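Let's take a walk through this structure together. Have the chain open in your viewer and follow along.

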Amino acid sequence: MKFGKEFMAQMVPEWQAAYMDYNFLKMQLKEIQRFNARGRPAAHLVKQKSTLYRAFSGLIPRQKSQRQPTSLSSPDEESQVIVVNSVAQDGSLGYETRFLMSEEEGGEYELVFFRRLDDEFNKVNKFHRSKVDEVLKEADVLTKQMNALIAFRIKVENPNGWPDRSNDINRLSSDVAASWATLSASAPSGARAASRRVFKDFLLDVEPTCGRQQPDGSRNGEDDNAIHQNVEEKKPNNFRATRPAPLQVLDRLKINNTLETPRSTIKGFLNVPNRTEPNFNKESLKKVEERLKRALVVFYNKLRLLKSYSFLNTLAFSKIMKKYDKITSRDASKAYLKMVDNSYLGSSDEVSRLMERVEHTFIKHFSNGNRSKGMRILRPKAKREQHRVTFFMGFFGGCTVALVLALILIARARNLLDKPGATQYMETMFPLYSLFGFVVLHMLMYAANIYFWRRYRVNYAFIFGFKQGTELGYREVLLLSFCLATLALASVVSNLDMEMDPKTKDYKALTELIPLALVVLVLIIFIYPFNIIYRSSRFFFLTCLFHCLCAPLYKVTLPDFFLADQLTSQLQSFRSLEFYVCYYGWGDYKLRQNTCSTSDVFRAFSFFVVAIPYWCRLFQCLRRLFEEKDAMQGYNALKYFSALVAISVRTAYSLDRGKINWNMMAWIFSIIAAIYGTYWDLVFDWGLLQRQSKNRWLRDKLLLPYKSVYFGAMALNVLLRFAWLQTVLNFQVSFLHKEAMTTIFASLEIIRRGIWNFFRLENEHLNNVGAYRAFKSVPLPFNYDEDEDKDD
């Protein structure tokens, strides 16, 4: 792989604009190369030809005289191409390159190249310095948190205080010193040196602040005197370093309470003060350790990416300068790369030292001294693509296609659609199996989203907050969708009886229960606690689903409201689930009858079921309005309320089409909701329709290379937003059943949602890129009283 592609692949997506523009600088070098090829012969040919006219030096090499005068200027100074100087730029240190060959033919091209090279380096150096300053400030905060944790741990594990063992330690160090002196008197010099190093290490562990180590080359007598002096004179003063963290820090410590649970949310809404005083017990200690552990992991990942940023950009400048030397036959890379190495980007080691300190702290306090365990948490292994996933994806995909073809051929061969029981089958069995079709279609759209997100470097794993290494790729999602499709289609093929048994006057109970058994199987797999079938992803989905259903009681995050938006496009699936309860709960499956539509209870619950996703999304907006005080969340809540009213009126009209009032109200509220939702999709969710942008009517930054794709997606979103017209107009096709028409339009809404998903996350990703937001903030467990800190 060429370096340019590798460079792009290793970038932090949210910091992409802060990296060196390697491709643009390559284009500048190509301009220089084209001019050299067009305007003048290659420099190395000119140099080779000029050597043909020099005086012949003879076949026997001559020794140079020692008295020969030397030139005042060294060869390096004579062949110098550039001079790099440091300058002040916007209150910070920058660098400026002076090209010394600008008067040569074509020198203006090289002058432009170095100007752009300086701009790129100053941009990279400034960004790196700002990020290092940020992590240093964050390291100071985490240091205070660790001191508080240690004090908290001492308070929990030793409530009566920490015993003073200074006399025992001092006696131990004196005994070791005496033993070492006796041993060194009779030991060889090599053994004395080794034992001296061991004893120094002991002194460093027991007395960290005692005298500095002597050089290894010092005399034995001096080392002995120094060691005895350290033991005799400094041990009482330096024992303080071995004592635990002072407990006085707990006096000005408070616990950070975030409104993440229903209890804390209700207290916050009722203005009930939360308990901020620490509760010293093991349960509280475990929670504090877990939160601080997560904060250190995020901080360490930030350090890793910052170190990778420095390394990649330094390597990119080295590569581009070597290309310049190769194209122009000059020797400018040495001077420029020397400046790069001496700059803050190339010479600062704060990040490396911080990484070592974080590793040591994490292994000591959070992995029980087990380095391999701690490093597995800090540096989880990258997820590898497994060949068996691809194999089974293709296998079940082939099974799905084969079952679809078999279903079509069986229906044609047995002429099932013309049998008397076909209508009854469409009214009873078809709604049951259509549930799986909606779910599979949504999963296929999500798999397509993941494929294109990865292709255009949208960091969906970071946006959704997936744990590193647990996010599903498009192959895994396709595998799950094809498995579910295979099970559903196999159930359909096994349950194609259109007529009841003439003897028993009912249908086979076993085959009629297949759809219910399949739903139960899927639910069992979802809640299965053991680590099979992507447990972390299943639990993540269930957690987000629970937060959606309890929307106002939990803090709203992007995965929660993103899932709630998906549910608003699955209204027909909610109706199918309601039909499952009615069909199997009331025993209609034995005779394959549909008495649900005539039940007042079923009709009443139809309003409640279709309103669940919109109520969830409405409550989420109200929760964010209450927390963030952002008026846009109020307008967004109004959008979902208008959609809720429109879907309720349309449901009422579909159940009672005789009244003209329902028809008029359905038209009015549906048009308002559709226009409102379409405008919000395009302007706020996708960030498009900006008149003053560089890409007219789109936005300044686009990930897709073709603008026509955006205009096509906008037009398609508007058309599919008005798919509700089928409900109001009662649009029917002679050769399709009513349930088939409903399924088609419900599928169109799912397809619209899949298109919406890509552009919604693209806009979110670009917002993160604009703010260089590559990490999520992690709430810390403790809060210091800053006023008391200042007094101290």
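What follows looks at a surface patch, then cysteines, then a contact in the fold.

A word on the ground rules: this is a predicted model, in which local features need pLDDT of at least 70 and side-chain atom pairs count only at pLDDT 80 or more, while totals for chains, interfaces and linings use all residues. Residues are numbered from 1 along each chain as its sequence is written, and side-chain values use heavy atoms, with hydrogens and water left out.

Lys2, Lys5, Lys30, Lys319, Lys322, Lys323 and Lys326 form a positive surface patch. For such a patch, residues must have over 30% relative accessible area and no salt bridge; like charges are joined within 9 Å, and nonpolar side chains (Val, Leu, Ile, Met, Phe, Trp, Tyr) within 5 Å. A salt bridge here is a side-chain nitrogen of Lys or Arg within 4 Å of a carboxyl oxygen of Asp or Glu. Helix α10, residues 282–328, gives the most to the patch, with four residues. Helices are DSSP runs (H or I, at least four residues), numbered from the N terminus. Lys30 sits in helix α2, residues 22–39, and is partly exposed, at a relative accessible area of 43%. In these terms, buried means under 20% relative accessible area, exposed means over 50%, and partly exposed lies in between (1.4 Å probe, protein chains only).

Now for the cysteines. How many disulfides does a search of the whole structure find? It finds one, where a disulfide is a pair of cysteine sulfur atoms within 2.5 Å. The partners are Cys582 and Cys596, with their sulfur atoms 1.8 Å apart. The torsion about their S-S bond is about -110 degrees, so the disulfide is left-handed. Cys582 lies in helix α23 (residues 571–585) and Cys596 in the loop between α23 and α24 (600–628), so the pair ties together parts that are 14 residues apart in sequence. Cys582 is buried at 4% relative accessible area, and Cys596 is buried at 1%.

Cys544, by contrast, is in no disulfide: the nearest cysteine sulfur, that of Cys548, is 6.7 Å away. Cys544 counts as buried, at 7% relative accessibility. For Cys548, the closest cysteine sulfur is in Cys616, 6.1 Å away and too far for a bond. Cys548 is buried, with a relative accessible area of 0%.

Our last stop is Ser670, in helix α26 (residues 660–685). Ser670 is buried, with a relative accessible area of 1%. The C-alpha atoms of Ser670 and Phe722 are separated by 8.6 Å, although the two residues are 52 residues apart along the chain.

Definitions and conventions: Areas by Shrake-Rupley, 256 points an atom, 1.4 Å probe, with all protein chains shown as cover. Lys, Arg positive; Asp, Glu negative; His and termini not counted. Charge placed at Lys NZ, Arg CZ, Asp CG, Glu CD. Helix = DSSP H or I, 4+ residues; strand = E, 2+ residues; numbered from the N terminus.
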